[in-house]
Amino acid sequence: GLIFLLYMAWTLWNEKSSSNGSDLAISAKKQISFALSVSLLNPHAIMDTIGVIGTSASLYSGYEKVGFTVATIFISWFWFFGLAIAGKQVGIFDKSGKFIIILNRVSSIIILFVAALIIKNIINM
């Protein structure tokens, strides 16, 4: 998880924004491998899936568990499409790409802070 966070922070910090839209599309293979790495190597996603959602689901049985599952899937997709729409809106209103660069740098700093906390916890073990 620590290595993943450091890699993501470095990638976000060095990411350049395209202001003219002339960048080539990312290949399907690269998109799939990136999505898999984010899903399978992201410690937050794993903690949420197992520790939060899994633990919460164990409290229910029968139709309540089915309802919990459907609600969890619905909210997940709702959030996903909301982020996609928000990203599209940013692309429409930020033609220069400066907002994305600033957002990436702020995100990188937050990720580095979390990585530093992990390092601190490793040292204190």
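So, which helix is V70 found in? V70 is found in helix α4, and helices here are DSSP runs of H or I, at least four residues, numbered from the N terminus.

Quick housekeeping before I go on. This is a predicted model, so local features need pLDDT of at least 70 and side-chain atom pairs count only at pLDDT 80 or more, while totals for chains, interfaces and linings use all residues. Residues are numbered from 1 along each chain as its sequence is written, and side-chain values use heavy atoms, with hydrogens and water left out.

Okay, back to V70. At 53% relative accessibility, V70 counts as exposed; the cut-offs are under 20% relative accessible area for buried, over 50% for exposed, and partly exposed in between, with a 1.4 Å probe and protein chains only. From V70 to I123 you go 53 residues along the chain, and their C-alpha atoms are separated by 41 Å.

Now α4 and its partner. Helix α4 covers residues 63–93, and α3 packs with α4 at an angle of about 150 degrees, the axes being 10 Å apart. Axes, by the way, are lines fitted to C-alpha atoms, for helices over the stretch in contact, and angles run from 0 to 180 degrees between N-to-C directions. That angle makes α3 roughly antiparallel to α4, a label for angles over 145 degrees. Who makes the contact? On the α3 side we have I53, S56 and A57, and on the α4 side K65, F68 and T72, where contact means heavy atoms within 4.5 Å. By type, that's 3 nonpolar, 2 polar and 1 charged. For those classes, Ala, Val, Leu, Ile, Met, Phe, Trp, Tyr, Cys and Pro count as nonpolar, Asp, Glu, Lys and Arg as charged, and the others, Gly among them, as polar.

While we're on α3, residues 43–57, have a look at V52, which sits in that helix. V52 counts as partly exposed, at 47% relative accessibility. V52 and F93 are 41 residues apart in sequence, with 36 Å between their C-alpha atoms.

On to the other helix pair. The axes of α1 (residues 2–14) and α5 (residues 98–123) come within 8 Å and cross at roughly 155 degrees. α1 and α5 are therefore roughly antiparallel to each other. The contact includes L2, L5 and W13 of α1, and R105, I118 and I122 of α5. Its residues divide into 15 nonpolar, 3 polar and 1 charged.

So what's in the largest nonpolar core? F4, L5, M8, A9, L12, I111 and A115, 7 residues. By core I mean a set of buried Ala, Val, Leu, Ile, Met, Phe, Trp, Tyr and Cys residues joined through side-chain atoms within 4.5 Å. α1 and α5 each supply at least two of its residues, and the largest share, 5 residues, comes from α1.

A115 is in contact with L2, L5 and L6, leaving aside neighbours within four places in sequence. N104, in helix α5, is buried, with a relative accessible area of 13%. Not counting residues up to four places away in sequence, N104 touches L12 and E15.

How values were computed. Angles under 35 degrees count as roughly parallel, over 145 as roughly antiparallel, 65 to 115 as roughly perpendicular and the rest as oblique.
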